[in-house]
Amino acid sequence: MSNEEYEKLEKQYRPMIYRLAKVFDPRGQRRDEVMQELRIALWRAGETYRDDRGANFTTYAYRCMKNRGCHFIRDSSAKKFFGGSHNRAAGQRDYPILVD
């Protein structure tokens, strides 16, 4: 997808991006980050959409943006709560294991 194609797509779906950003960040504390994630999801939707799958593009783009927003909120909440250790490989720990 060219830059011009994406800009046209982003302009068309801007209201949806704003609406979803308000859903994922109702207080507006991280609105720019959320909107950037939603724009990335829209770009990827434009790259991966296949019309032979039966869904129209608007439905597909909405689902992609909603999933990306959910993942962003979940991951950022986990980082705040767990201090970023939730993404470590299995077996790596920040804390000692106590064995009786």
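Is Glu10 buried or exposed? I looked this up before anything else. Glu10 counts as buried, at 10% relative accessibility. I use buried for under 20% relative accessible area, exposed for over 50%, and partly exposed for in between (1.4 Å probe, protein chains only).

**Ground rules**

I note that this is a predicted model, in which local features need pLDDT of at least 70, side-chain atom pairs count only at pLDDT 80 or more, and totals for chains, interfaces and linings use all residues. Residues are numbered from 1 along each chain as its sequence is written, and side-chain values use heavy atoms, with hydrogens and water left out.

**Entry: Glu10 and its surroundings**

I located Glu10 in helix α1. Helices here are DSSP runs (H or I, at least four residues), as strands are (E, at least two), numbered from the N terminus. I then listed what Glu10 touches, leaving aside neighbours within four places in sequence: Ile17, Arg39 and Leu42 are in contact with Glu10. Contact means heavy atoms within 4.5 Å.

**Entry: salt bridges**

I searched the whole structure and found 7 salt bridges. A salt bridge is a side-chain nitrogen of Lys or Arg within 4 Å of a carboxyl oxygen of Asp or Glu. Side chains of opposite charge can pair when their charged atoms come close.

I found a salt bridge between Arg14 and Glu10, with the closest N and O atoms 2.8 Å apart. Both residues lie in helix α1 (residues 3-24), 4 residues apart, which is about one turn of the helix. Arg14 is partly exposed at 33% relative accessibility, whereas Glu10 is buried. I also noted a network of salt bridges that links Glu10, Arg14 and Arg39.

**Entry: Arg30 and Glu33**

I looked up Arg30 and found a salt bridge with Glu33, the closest N and O atoms being 2.8 Å apart. Arg30 counts as partly exposed, at 31% relative accessibility. Glu33 is also partly exposed, at 40%.

**Entry: Glu37 and Arg68**

Which side chain meets Glu37 in a salt bridge? I found Arg68, at 2.6 Å from N to O. This pair links distant parts of the chain, 31 residues apart: Glu37 sits in helix α2 (residues 31-48) and Arg68 in helix α3 (residues 57-82). I checked accessibility for both. Glu37 is buried, with a relative accessible area of 18%, and Arg68 counts as partly exposed at 22%.
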